Amino acid sequence: MGHPLSRAGMRRTLLSTATSIALISAGVMGISQAAHAEDTFKVGLVTFLSGGASGPFGVPAAQAAETVIKAINAGELPAPYDSAGVNGLQLESVVIDEAGGPTKQVEEYRNLVQRQNVNAVIGYISSGDCLAVGPVAEEMQTFTIAFDCGTPRLFEDVSNPTYLFRTGLDAVADNVGAAHYLNDAKSDISRLAGIQQNYAWGQDSWQDFTLSMEQLMPDVEIVDNQTPQIFQGNYGTEISALQTRRPDIIHSSMWGGDMEAFVAQANVRGLLEQATAILTTGESGLHRFENQAPNGTILGGRGPFGGFMPENDLSEWFSKAYEAEHGTPPSYPASKMAQALLGLKYAADNSGAEGVPSSEQLAAALKGATFESVSGTVKMALAGGHQAMQPMLYGEYHYSADTGPELRNVRAYKGECVSPPDGQNALEWIKAGFPGADCD
Amino acid sequence: MLTVWAILIDGLIYASWLFLVAAGLTVIYGVMRILNMAHGSLYALGAYAAASALGWYYNGVGDQLWIALAMIAACAVMIGALAGVIMERGVLRLMYGRDEVLMLIVTFAMLLILEDVMKLIWGTTPYFAYQPYAAMGRFNIGVLTVSGYQLMVVGVSVVVGLALWFWLERTKIGKILRSIIHDREVSEAMGVNVRRMFTITFMIGAALGAIAGGVTAPIISVVPGVGVEVIVVAFAVVVTGGLGSITGAAIGALIVGLARAVSIHTMPELELFIVYAVMASVLIFRPHGLFGQAVARKI
């Protein structure tokens, strides 16, 4: 038996041992975290996981991110994205709910960058959130891709961006494209009406559309525009008002459940037999309408997304993988999220960085770039190389129990036809008669 | 002339729906003096229950319209009454006698809890159960068409209104409730089991909210947040008519419904403004609403 330790000595020994274990643990954890940080690229994903926009937009986008990130990390994407990870790093995501409004989203963005230490952020369906977060992305010098929001004001507010990108089109292209489609496919119309959600998106869409129609079809009379509240759900009175005006065409930028509820109610009331609806975001209902929308209803998908995706290796892979995992074909919000992630992978792979690329390296790689995507070739040709220029497509919805939903009489309009030349104000461009537009 | 007819028809249809939504709210306030913010959640619960039941029924089980309508009513009444009894016995009973403002905050907390409970149960994907709406067809009035389902909602609203009147005016329980409304303490002193009456009243009010949601489910896309959207306009109706008055709720719904229809047909951009302009105008001249009564404060 050895000499027994005194109580004070024992306490000192225990304290010393505990301190050593704590220090070693902290050191090991630090080394582990550093190694982990060097092996991974952390991206913040912001999309609606609750509220009215979650079902039709936010959740499909989150599901698409899950599918694409898994494939990126496994190196299972078709060429040119068949290398594993982004710049050889495993992609790790932090998913944030977009619900709560712009103020909350600015706070969430700061948390993502400062506390979660993300290397990049992809997100934002709501135009209000985009407008709030855009300047903060520049202030915090963090590579950020707005994957879906459509406000043309994004790059008017952030007029000289460095870190902020948008890999899709804005609402101007939706509505200029809609006017071109009517001019080409429905040249005999004489009366036009609209129904838009009563906030910036609906008001801006109606303004862009009616100004475009004044240029392309000046003889068409605008007989009404209804402005129900967002998420109102019941459009009985608005449908009556539209019926009494007897339009040939009803334009709507309503989205999600509101758009689908309006279509179902207007169809039962016979409004969509009297008039043809042109729905700028209608593609998100393509696989849900069935008999609720009459054949011939004109749908847009905010570009070559969802049912409008061209046939290429990436779109075929994405459609199959998404449907296999989530049980339904991808709608346009899902395709747009896939496109943003491919844009990120392109930027990281071409950043020239060793290890984790910086925001500056990512931004330099994506600025003005041309990359392949599920929607075809994407040219970052607008907003000084920070926004995509892509074609706008519209087509007619047709459904039968045998064939399922189909898009027929699809017409595509080049990006140079539906978007103003880089640096030009969209409203002035439309009012001036689309100078410089290439619609051949 | 067509526009005038359209305004009258649309105003009546919307007013009927508004009355259905507001009836439960005003019954609960009239008897219990609780401004139930969670009424919107009860509406949403009814809508989700009806949409789920209809989805199950039309997904290969059957396609009989009358069975579908019976399912809407049964599901809504059951889930509303069940949620009502849980809320009253589990939470509100512990708060009786407190200030009305505190009760308002408690019911607001229940609204937030129920919103998340519904997300846990039904998720965030929209539910469509349009089959009964489509199956009831439409009726032509000139170039205007009205759906059969919307006319049925008018009928349901009339039946609910008459049933509430009969219950309060012609039944023993109704007389007891009126005595509680008049003076709760004297009623208690006369041997009325006020707490039991409160439970019954809250269950009925909750079931009315759920019925409104169930009836609306085939018209709308049922998504998270539908209840929050309706509670604001329901408050506008009951405040215009006078808190706690069934007749006031009916007249308030009619005024708001017609004013909104006039706005949509003539100045659609003022739709939301007009509803609250009507409410504010009424309150300027009658601070307790059209049928509300000023009550002397007891010390």
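**Reading two chains, feature by feature**

Colleague: What share of the contacts in chain B with a separation of 6 or more comes from residues 24 or more positions apart?

Modeller: In this predicted model, residues 24 or more positions apart account for 77% of those contacts in chain B.

Colleague: Which radius of gyration does chain B have, and what would a compact globule of 299 residues have?

Modeller: A compact globule with 299 residues would have a radius near 19 Å, and chain B has 19 Å, so the two agree. The C-alpha trace of chain B spans about 60 × 45 × 35 Å along its principal axes. Of the 299 residues, 53% count as buried. Chain B has 12 helices and four strands.

Colleague: How do I read a pair of packed helices? In chain A, at what angle do the axes of α2 and α12 cross?

Modeller: Two packed helices are described by the angle between their axes and by the distance between those axes. In chain A, the axes of α2 (residues 54-74) and α12 (residues 332-349) cross at roughly 40° and come within 7 Å. The crossing of α2(A) past α12(A) is right-handed.

Colleague: Which residues make the contact?

Modeller: From α2(A), they include Phe57(A), Pro60(A), Val68(A) and Ile72(A). From α12(A), Met337(A), Leu341(A) and Lys345(A) are among them. By class, the residues of this contact divide into 13 nonpolar, one polar and one charged.

Colleague: Is Asp349(A) exposed, partly exposed or buried?

Modeller: Asp349(A) is found in helix α12 of chain A. Asp349(A) counts as partly exposed because it has 19 C-beta neighbours inside 10 Å, and a buried residue needs 20 or more. Leaving aside neighbours within four places in sequence, Asp349(A) is in contact with Ser83(A), Val86(A) and Asn87(A). Gln361(A) is 12 residues from Asp349(A) in sequence, and their C-alpha atoms are 10 Å apart.

Colleague: Now the sheet. In what order do the seven strands of the open sheet in chain A lie?

Modeller: Strands of a sheet pair through backbone hydrogen bonds, either parallel or antiparallel. The order here is β7-β6-β8-β9-β10-β14-β15 of chain A, and the pairing is mixed. The edge strands, β7 and β15 of chain A, each pair on one side only. From one strand to the next, the twist averages 25°.

Colleague: Do β8 and β9 of chain A run parallel or antiparallel?

Modeller: Strand β8 (residues 249-252) and strand β9 (residues 276-279) of chain A run parallel, joined by four bridges. Ile250(A) has Ala277(A) as its bridge partner in β9(A).

Colleague: And how many bridges join β14 to β15 in chain A?

Modeller: Eight bridges join β14 (residues 392-400) to β15 (residues 404-413), and these strands of chain A run antiparallel. A hairpin of three residues connects β14(A) to β15(A). In β15(A), Gly404(A) is the bridge partner of Ser400(A).

How values were computed
Residues numbered from 1 in each chain as written. Chains lettered and ligands numbered in written order. Predicted model: local features only at pLDDT ≥ 70, side-chain atom pairs only at ≥ 80, totals over all residues. Helix = DSSP H or I, 4+ residues; strand = E, 2+ residues; numbered from the N terminus. Rg over C-alpha atoms; globule rule 2.2 N^0.38 Å. Buried ≥ 20, exposed ≤ 12 C-beta atoms within 10 Å, placed from the backbone. Contact = placed C-beta atoms within 7 Å. Axes fitted to C-alpha atoms, helices over the stretch in contact; angles between N-to-C directions. Left-handed = near helix turned anticlockwise from the far one by under 90°. Nonpolar A, V, L, I, M, F, W, Y, C, P; charged D, E, K, R; others polar. Pairing = 2+ DSSP bridges.
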